Structure formats: structure tokens, C-alpha cells
Amino acid sequence: SEALNGSFTIVPTIRNWNDDGVIRSDLIDNLLIDAEARQRHIATIVGLLQSNTFQGVELDYRDISPDLRDEYTALLQELRAAMPAERRLAVRVELPQPLSGETWDTGAYDWQAIGRIADFVRVPASPDPRAYAPGGQMTGLLDWAVGQVSRYKLQLLLTARSIEQSNGQTRLISYR
């Protein structure tokens, strides 16, 4: 009864990967290099927002070619400009790779630009439990991240799945 009378926020996620984990980076890469396709994509997303009661949209595009960094940023800028002002834009980025103690490789994701454009920047957390040790990789990442994106916009995505470590390898265990 409480659920039926409750207030919910519905935000669809648009992604380039399947439930089985197959990532179609070719789809987003081709979209980014074709200005007409990019405009159709934006119009479709805006139409989806205008014709439904969605409070916003989340983009979860993975494995984008780093060469298309500027094009991805342009897509986000154009989408934000076309969206109704009251709707929210969330962007999931990839977990960056450390280059040095204070430098991170973010690939196709310009964190500073995304932080200016998006209402929420969703960052997957490391699946490696060692990354959470004092002074570990996650501490370094978060120290760096808040210099790129407002801490009020950052959302850390933690897995609810169990993790197995064996022979120096870390893997997520499926629910089965």
C-alpha cells in the first residue's frame, strides 16, 4: 500500500551494452562521428523525456574510443542544451586507470567537462578489495575526482555482488 502511494523518480538508462555484458562500442563510436545521427539520437532522448514523466536520463556508454573524447563531450553538451531544464542528466564514466600517484587516464571521458554538464557523474568503484586499504587506490581516485567534479555530483557505484580473489585475480561472482 505504501509503495502504491509513494513518490518515485523514474530515470531510464540508455546504454551500449547488453545484459550478458557484451559492449557495442562500435554503436556509440559510429554515432559520435556522424553529426546527423548524433542529432537524431538527441532528438529521440528529448522526445522520450517530453512524452513521459521521466525525471531525467542516464547515459551509460562504455568503451568509447579515447580518440572521440571531444565528440562525446559535444554530444553531452548538445543533449544538455536540448533537454528540458528541470530534467536531470546522469553520466556514467569508466573507472579511470592510475598513471601516477596523482594522474589518472580517463579515456574518452573528460571529467571536468562532464562535471560541468551533468547533474550526476556516476563512477564505478574498484572491485578489488585491496583498493580500499588506507592510502589505497580508491583514496587516490577520490582525492583526484573531487578536483575534477563537484563532490555533490559524484556518485560512487558499488556492486552488491560477491567478489572472489584467486591467484592475484579478482572476479565478480554471479548470483547463480
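At what angle do the axes of helix H2 (residues 25-33) and H3 cross? They cross at roughly 110 degrees and come within 5 Å. This is a predicted model, where local features need pLDDT of at least 70, side-chain atom pairs count only at pLDDT 80 or more, and totals for chains, interfaces and linings use all residues. Residues are numbered from 1 along each chain as its sequence is written, and side-chain values use heavy atoms, without hydrogens and water.

**H2 and H3**
- The two helices are therefore roughly perpendicular (65 to 115 degrees).
- Helices are DSSP runs (H or I, at least four residues); axes are lines fitted to C-alpha atoms over the stretch in contact, with angles from 0 to 180 degrees between N-to-C directions.
- Leu31, Leu32 and Ile33 of H2 meet Ala35, Ala37, Arg38 and His41 of H3 in the contact (heavy atoms within 4.5 Å).

**H3 and H4**
- The axes of H3 (residues 35-51) and H4 (residues 69-82) come within 10 Å and cross at roughly 40 degrees.
- H3 contributes Arg38, Gln39, His41, Ile42, Ile45 and Val46 to the contact, and H4 contributes Glu71, Leu75, Glu78, Leu79 and Ala82.

**Largest pocket**
- A pocket is an open set of points on a 1 Å grid where a 1.4 Å probe fits, with protein on both sides within 12 Å along at least five of seven lines.
- The largest pocket is lined by 24 residues, each with an atom within 4 Å of a point.
- Arg62, Arg92, Pro124, Thr159 and Leu172 lie nearest its centre.

Conventions
Parallel < 35°, antiparallel > 145°, perpendicular 65-115°, else oblique.
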